[in-house]
Amino acid sequence: METNVFRFRDARAAPDPVLEAEPVAFGSQPVPLVLDNGSFQARAGWACPGPDPGPEPRLQFRAVCARGRGGARGGPGPQVGNALGSLEPLRWMLRSPFDRNVPVNLELQELLLDYSFQHLGVSSQGCVDHPIVLTEAVCNPLYSRQMMSELLFECYRIPKVAYGIDSLFSFYHNMPKNALSNGLIISSGYQCTHILPVLEGRLDAKNCKRINLGGSQAASYLQRLLQLKYPGHLAAITLSRMEEILQEHSYIAEDYGAELQKWRCPDYYENNVHKMQLPFSSKLLGSTLTAEEKQERRQQQLRRLQELNARRREEKLQLDQERLERLLYVQELLEDGQMDQFHKALIELNMDSPEELQSYIQKLTVAVEQAKQKILQAEASLEVDVVDSKPEVVRLVASTLRAVLLGRRLVFGTLAETPSVFRIESELRFAGDQFLHSLVIAVFCPQTPDLEQLEPSLEDVESINDFEPLFSEEAPEVEKPVTTVQPVFNLAAYHQLFVGTERIRAPEIIFQPSLIGEEQAGIAETLHYVLDRYPKAVQDTLVQNVFLTGGNVMYPGMKARMEKELLEMRPFQSSFQVPVLLCVVSCPLSGISSSRWLMLLDKIEHILKLEENPEHRKILTNHSKSILSSPREARVQLASNPVLDAWYGARDWALDHLEDSGAWVTRKDYEEKGGEYLKEHCASNTYVPIRLPKQASRASETQASGRGSGASGSGAGEQA
């Protein structure tokens with residue numbers, strides 16, 4: 001049994017049920033709706049008041065849409081979120097309202113909101129009578145907020161709305177309430193990564209930084225790596241499976257270079273490589289059917305061919321009968337003396353005279369009678385098995401089928417009666433096959449009423465040609481028993497993806513964007529740049545609370561890696577809480593950097609382990625402790641639930657500020673101040689109003705033009 005073999009789940013999203021609205025939602029006071037409008041996943045639910053605010057968001061679905069081609073012709077309309085099921089077959093049709101993490105396509109955004117309201121049991125016809133708490137991007141463009149407010153107030157006619165940043169809501173949820181928190185928020189999502197400094201509970205928007213890398217780029221990079229490694233499985237290496245590998249099998253290396261060196265060891269590789277099993281079929285491409293199974297397949301094919309021909313004959317007979325009834329009705333008009341209607345009917349039938357009508361009726365009558373006889377004979381022949389295991393019967397059927405084909409060619413080659421025709425007829429009469437005999441007679445009958453009806457169609461010729469190899473004139477050879485050929489390699493092992501260093505290379509791009517050719521700074525460099533914009537005292541305050549949130553920080557080892565990066569970038573005499581040691585705050589070796597000092601402490605620990613004398617070990621331990629101190633403890637905190645904490649924080653904020661009119665944008669504010677207007681609060685962006693240049697009044701323009709003309713006149717006089 002192989003170890004470290006994992007199968008892809010290939011999870012298929014189940015359609016969301018249409019829920020009934022919460023009972024408290026229709027009380028005396030409308031309950032707010034909380035919408036976490038993420039670029040990867042949207043979450044919607046109620047902010048119910050009371051000691052138990054309710055479970056997690058009622059709806060969680062992918063923020064994508066797919067429009068069907070037949071929607072305008074009554075077909076299925078646009079599909080949203082979990083209604084799509086598996087995304088891979090529809091990957092080329094998927095559309096998102098987001099550009100990076102900013103909603104720009106409000107038509108698709110309306111589809112997402114309709115889906116949320118419908119499945120939460122809220123009727124969007126007329127108006128949505130509930131306050132809405134909606135998340136938006138950091139430093140959201142005013143135009144995007146303006147279009148979103150216009151959609152909410154004009155289309156859904158909501159009473160009021162509050163905008164907030166998802167990472168700040170998550171920070172709000174994990175921090176103690178009624179506390180002016182300071183810290184650095186590192187938020188990494190599906191499209192972007194943000195560094196957000198928070199001072200005294202408010203976002204410092206001027207020093208926010210964004211990195212255009214996230215989980216989407218990591219999944220694309222991992223897909224590229226594995227497709228180059230396994231070119232034989234290009235179609236099986238999909239983005240959905242790459243996202244599954246990132247979520248369940250990847251991790252962040254604390255030291256990327258040292259971790260790569262570990263992977264060079266064969267034993268380490270064998271113990272830590274994850275073998276992802278692709279789906280495959282164990283059946284061989286070659287045929288392993290026995291002679292009886294092949295014979296049964298032939299019989300089934302012949303039965304299907306007979307049924308198809310019978311169905312075609314019945315359809316043609318029905319059409320001929322309807323046309324014959326029409327011609328007989330026109331003939332009755334002639335017999336009744338209704339000449340005007342008779343001539344109109346002849347013109348519709350594209351005929352010139354009554355004689356032509358009579359001739360066509362006779363031909364059609366004969367054709368209908370012959371078609372009925374063929375159908376009766378075909379029904380009788382269905383009771384007898386056409387294919388038999390005896391070679392002589394097989395040869396007879398093959399020869400008769402070829403005779404029919406040859407006879408049709410002779411007829412349409414103006415050789416209706418030849419010695420070969422009579423030879424075929426006598427052979428069939430001798431064989432006693434009345435059905436095939438009548439079939440050939442019908443083909444070669446000199447008094448055929450309408451040769452166009454017997455013209456061979458392309459389908460008939462092809463179907464007969466397909467069955468010619470099955471009935472060869474030569475005696476069939478005795479079939480040898482089929483032996484199953486075993487493959488020379490293990491099919492299961494061939495369909496395995498060995499994910500080794502790719503487990504750390506894909507998530508490493510947020511620290512080293514140069515791995516995918518991006519000319520951007522990583523998290524560590526950007527964090528160092530943001531800290532350098534503050535005085536030393538503010539830096540010391542911010543680094544005491546580094547908060548990680550977002551779906552792209554859930555990799556194992558992310559917290560340890562951030563602590564290591566902070567330790568290396570902070571100057572000497574800084575303090576951090578690391579898993580084993582406390583960094584030095586004061587030491588006579590003032591010229592040593594923090595990372596160098598950490599190596600020195602590792603050597604001290606190594607000396608303590610090698611010391612065998614207990615008294616000497618105690619002296620060394622006390623001496624090392626005397627130079628170590630920790631006056632202030634810095635920490636890197638990971639959100640309790642990096643994915644859902646933004647929705648939980650927005651729900652908590654809505655319940656705490658439900659009666660606070662200074663945090664909600666009402667319809668009156670929208671009409672007076674425009675759609676880009678925003679009321680600031682602890683989890684919101686900073687409102688920057690649009691400043692347009694003031695136009696000069698007409699009086700000032702007249703005075704300016706008068707002065708200009710006077711100056712030009714005086715200048716001209718001086719020149720004269």
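Q: Why does Glu200 count as exposed?
A: Its relative accessibility is 59%. Exposed means over 50% relative accessible area, buried under 20%, and partly exposed in between (1.4 Å probe, protein chains only). Glu200 therefore counts as exposed. This is a predicted model, in which local features need pLDDT of at least 70, side-chain atom pairs count only at pLDDT 80 or more, and totals for chains, interfaces and linings use all residues. Residues are numbered from 1 along each chain as its sequence is written, and side-chain values use heavy atoms, with hydrogens and water left out.

Q: Where does Glu200 lie, and what is its phi?
A: Glu200 sits in the loop between β13 (193-199) and β14 (202-203). Its phi is near 55°, a positive value in a residue other than glycine. Helices (H or I, at least four residues) and strands (E, at least two) are DSSP runs, numbered from the N terminus.

Q: Why is Arg157 called partly exposed?
A: Its relative accessible area is 44%, so Arg157 falls in the partly exposed class. Arg157 is found in the loop between α2 and β11. Its phi is also positive, near 55°.

Q: What makes α8 roughly antiparallel to α9?
A: The axes of α8 (residues 291-335) and α9 (residues 339-349) come within 8 Å and cross at roughly 150°. That angle makes the two helices roughly antiparallel. Angles under 35 degrees count as roughly parallel, over 145 as roughly antiparallel, 65 to 115 as roughly perpendicular and the rest as oblique. Axes are lines fitted to C-alpha atoms, for helices over the stretch in contact, and angles run from 0 to 180 degrees between N-to-C directions.

Q: Which residues of α8 and α9 meet?
A: Arg326, Leu327, Val330, Leu333 and Leu334 in α8 meet residues of α9 including Met339, Phe342 and Leu349. Contact means heavy atoms within 4.5 Å. The crossing is left-handed: the near helix is turned anticlockwise from the far one by less than a right angle, whereas clockwise would be right-handed.

Q: What makes α1 oblique to α2?
A: The axes of α1 (residues 106-119) and α2 (residues 142-155) come within 11 Å and cross at roughly 50°. That makes α1 oblique to α2. Their crossing is right-handed. Among the residues that meet are Leu106 and Leu113 in α1, and Met147 and Leu151 in α2.

Q: How do you know that the span of α22 agrees with its number of residues?
A: The expected span is 1.5 Å times one less than the number of residues. For the twelve residues of α22 (residues 645-656) that gives 16 Å, and the end C-alpha atoms are 16 Å apart, which agrees.

Q: Why is α22 called mostly covered?
A: Ten of its twelve residues are buried. Trp647, Tyr648 and Trp653 are among them. The buried residues pack against β2 (33-37), β3 (41-46), β10 (132-136), β11 (160-165) and α3 (166-174).

Q: Why is His173 called partly exposed?
A: Its relative accessible area is 27%, so His173 belongs to the partly exposed class. The residue is in helix α3.

Q: What is His173 in contact with, leaving aside its neighbours within four places in sequence?
A: Its contacts are Ser640, Asp645, Tyr648, Gly649 and Asp652. His173 and Asp652 are 479 residues apart in sequence, and 7.2 Å apart in space, C-alpha to C-alpha.
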